Amino acid sequence: MKERNNLYPIFLKTSNLSILIVGGGNVAEEKLTFLTKSSPDANVMMVSPEYGKGTLELAQKYNVQLITDVYEKKYLKGKHMVMATTDKPEVNVQVYEDCRALDKLVNVADNPPYCDFYMGGIVTKGNVKIAISTNGKSPTTAKRLRQFFEEVIPEDINQMVLNLNAFRKTLKGNFEQKVEKMNEVTKSLLPTKEKIDE
């Protein structure tokens, strides 16, 4: 049987969630960079005994709450998602175990068995967002796919989305009739077999 990716992709409203990053070094900075690049309004708290210069700059730019302390379970209170990024495996495992006991989503950096979710490659063009996952197996492949999609998706894709949204609002009828009309209008966006064979 072929291997397949069974992860379920979702798009989170991170401004409505409370996110904790445990750690303040390079890996924490990387996670914070990916998170704020995609969701600049994310609601983030970080806890670490010390923070790198880049992390401090990002935290200030994106209004991240910084706690200068070692990790304690009390910092999980009210959090929906947690990322453990310390260079101490025993701390990261403790974060994972505490999150599991409290039913919180957790990601332990570079340790797939201790992850409920992965942060994949993301392409954003206006209202269009594509998330790419390699099932935690190859971040480099996700990066290359992200670069590919950034190149091939036209810059004016957002205008098409806005136009189709405006058109959709003018449609009359029940849900099925609206879906049928939208499918009819948008089918020309996909190449037909004849066009592919040319």
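Contact here means heavy atoms within 4.5 Å. Helices (H or I, at least four residues) and strands (E, at least two) are DSSP runs, numbered from the N terminus. Axes are lines fitted to C-alpha atoms, for helices over the stretch in contact, and angles run from 0 to 180 degrees between N-to-C directions.

This is a predicted model, in which local features need pLDDT of at least 70 and side-chain atom pairs count only at pLDDT 80 or more, while totals for chains, interfaces and linings use all residues. Residues are numbered from 1 along each chain as its sequence is written, and side-chain values use heavy atoms, with hydrogens and water left out.

**The sheet and its helices**

Let's start with the sheet. Its 5 strands are arranged in the order β3-β2-β1-β4-β5, with parallel pairing, and the sheet is open. Two strands count as paired if DSSP finds at least two bridges between them. β3 (65-68) and β5 (105-108) are at the edges with a single partner strand each, so one side of each has no neighbour in the sheet. On average, neighbouring strands are turned by 15 degrees against each other, direction ignored. Between the parallel strands β1 and β2 there are 4 bridges, and L20 stands opposite M45 in β2.

Now for some helices and the directions they take:

| Helix | Partner elements | Angle |
|---|---|---|
| α1 | touches β1, β2, β4 and β5 | about 175 degrees with β2 |
| α5 (residues 157-170) | packs with α6 (residues 175-186) | about 145 degrees, axes 10 Å apart |

In the contact of α5 with α6, L164, F167 and R168 in α5 meet K181, M182, V185 and T186 in α6. These residues divide into 4 nonpolar, 1 polar and 2 charged. For this count, Ala, Val, Leu, Ile, Met, Phe, Trp, Tyr, Cys and Pro are nonpolar, Asp, Glu, Lys and Arg are charged, and the others, Gly among them, are polar.

**The nonpolar cores**

A nonpolar core is a set of buried Ala, Val, Leu, Ile, Met, Phe, Trp, Tyr and Cys residues joined through side-chain atoms within 4.5 Å; buried means under 20% relative accessible area (1.4 Å probe, protein chains only). The largest has 17 residues, of which I21, L32, V44, M46, V64 and M83 touch the most other members. α1 gives the most to this core, with 3 residues. Leaving out residues up to four places away in sequence, V64 touches L32, V44, M45, M46 and A59. Apart from this core lies another of 15 residues, including Y75 and V106.

Notes
Buried means under 20% relative accessible area, exposed over 50%, partly exposed in between (1.4 Å probe, protein chains only).
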